[in-house]
Amino acid sequence: MNLKTRDLVLMSMFAALTAIGAFIRIPLPVVPFTLQYFFCALGAITLGAKRGALAQILYVAIGLIGLPVFTKGGGPQYIFQPTFGYLVGFIVGAYIIGKVTERIKKLNIKNLFMASVLGLVAIYVFGCVHMYVIYNFYLGQAMGVWTAISVGVISFLASDLTLAFIISLVGVKVVPLLRRLGYA
């Protein structure tokens with residue numbers, strides 16, 4: 001993949017926006033509600049699969065080297081946080097959202113919403129599996145599969161689906177403009 005300066009700037013911008021989104025949050029037990037998914041998905045729709053995933057890899061890498069860009073800080077030990085799986089899910093989710101968006105011939109709210117939901121499913125899978133593993137095998141606190149799904153998916157489903165709809169509304173306006181300008 002041949003990255004241009006504007007690609008690097010846009011990927012860095014969406015990595016930074018995802019970091020900012022971590023601090024725009026509503027504290028809830030176990031997994032706080034943040035705007036990270038919003039910026040992750042919008043970046044993927046805007047940048048495409050590879051650049052969108054690279055933006056999220058940059059975000060996760062910056063956090064893992066120690067900058068406090070995650071909801072509860074940063075550093076390599078963050079992989080032992082129950083919520084770390086969601087960060088890995090952002091990378092996979094961004095790739096999926098970007099890939100689906102790249103293949104959409106007719107950009108509309110419905111298609112972008114479906115792309116966002118597919119990415120959200122990946123984020124939930126990685127997040128719930130990691131949370132389950134950390135609670136049961138690292139923290140030694142029993143957490144059932146249903147509890148992980150309830151805490152890590154169901155409690156956020158309404159707000160994340162609303163965000164997916166908002167992302168679709170923004171994306172349907174932004175992507176055609178960026179494509180005309182040669183940025184997407």
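Contact is defined as heavy atoms within 4.5 Å. By this rule, and leaving aside residues up to four places away in sequence, Gln-36 touches Thr-18, Gly-21, Ala-22, Tyr-59, Thr-71, Leu-87 and Phe-90. The model is predicted, so local features need pLDDT of at least 70 and side-chain atom pairs count only at pLDDT 80 or more, while totals for chains, interfaces and linings use all residues. Residues are numbered from 1 along each chain as its sequence is written, and side-chain values use heavy atoms, with hydrogens and water left out.

Gln-36 lies in helix H2. Helices (H or I, at least four residues) and strands (E, at least two) are DSSP runs, numbered from the N terminus. With a relative accessibility of 6%, Gln-36 is buried. Buried means under 20% relative accessible area, exposed means over 50%, and partly exposed falls in between (1.4 Å probe, protein chains only). Thr-18 stands 18 residues from Gln-36 along the chain, yet their C-alpha atoms are separated by 4.8 Å.

The packing of two helices comes next. Helix H1 spans residues 5-22 and helix H2 spans residues 36-47. Their axes lie 7 Å apart, at an angle of about 165°. Axes are lines fitted to C-alpha atoms, for helices over the stretch in contact, and angles run from 0 to 180 degrees between N-to-C directions. H1 and H2 are therefore roughly antiparallel to each other. Angles over 145 degrees count as roughly antiparallel, under 35 as roughly parallel, 65 to 115 as roughly perpendicular, and the rest as oblique. The crossing of H1 with H2 is right-handed. A crossing has this hand if the near helix is turned clockwise from the far one by less than a right angle, and is left-handed if anticlockwise.

On the H1 side, the contact is made by Leu-10, Met-11, Phe-14, Leu-17, Thr-18, Gly-21 and Ala-22. H2 contributes Gln-36, Phe-39, Cys-40, Leu-42, Gly-43, Thr-46 and Leu-47. By class, 9 of these residues are nonpolar, 5 are polar and none is charged. Ala, Val, Leu, Ile, Met, Phe, Trp, Tyr, Cys and Pro count as nonpolar, Asp, Glu, Lys and Arg as charged, and the others, Gly among them, as polar.

Aromatic rings were also examined. The structure holds 4 aromatic pairs. Rings of Phe, Tyr and Trp (its six-membered ring) pair if their centres lie within 6.5 Å; planes under 30 degrees apart count as stacked, over 60 as edge-to-face and the rest as tilted. Phe-38 and Phe-39 form an edge-to-face pair, 5.1 Å centre to centre with 80° between the planes. Phe-38 is buried at 14% relative accessibility. Phe-39 is buried too, with a relative accessible area of 14%.

Tyr-59 and Phe-70 have ring centres 5.4 Å apart and planes at 90°, so this pair is edge-to-face. The pair links distant parts of the chain, 11 residues apart. Tyr-59 sits in helix H3 (residues 49-64), and Phe-70 in the loop between H3 and helix H4 (84-103). Tyr-59 is buried at 1% relative accessible area, and Phe-70 is buried at 1%. Tyr-59, Phe-70 and Tyr-78 form one aromatic cluster.

Helix H6 (residues 145-181) holds Leu-181. Leu-181 is exposed, at 53% relative accessible area. Asp-160 is also found in H6. Asp-160 is buried, at 8% relative accessibility. Beyond residues up to four places away in sequence, Asp-160 touches Phe-33, Tyr-37, Leu-120 and Tyr-124.
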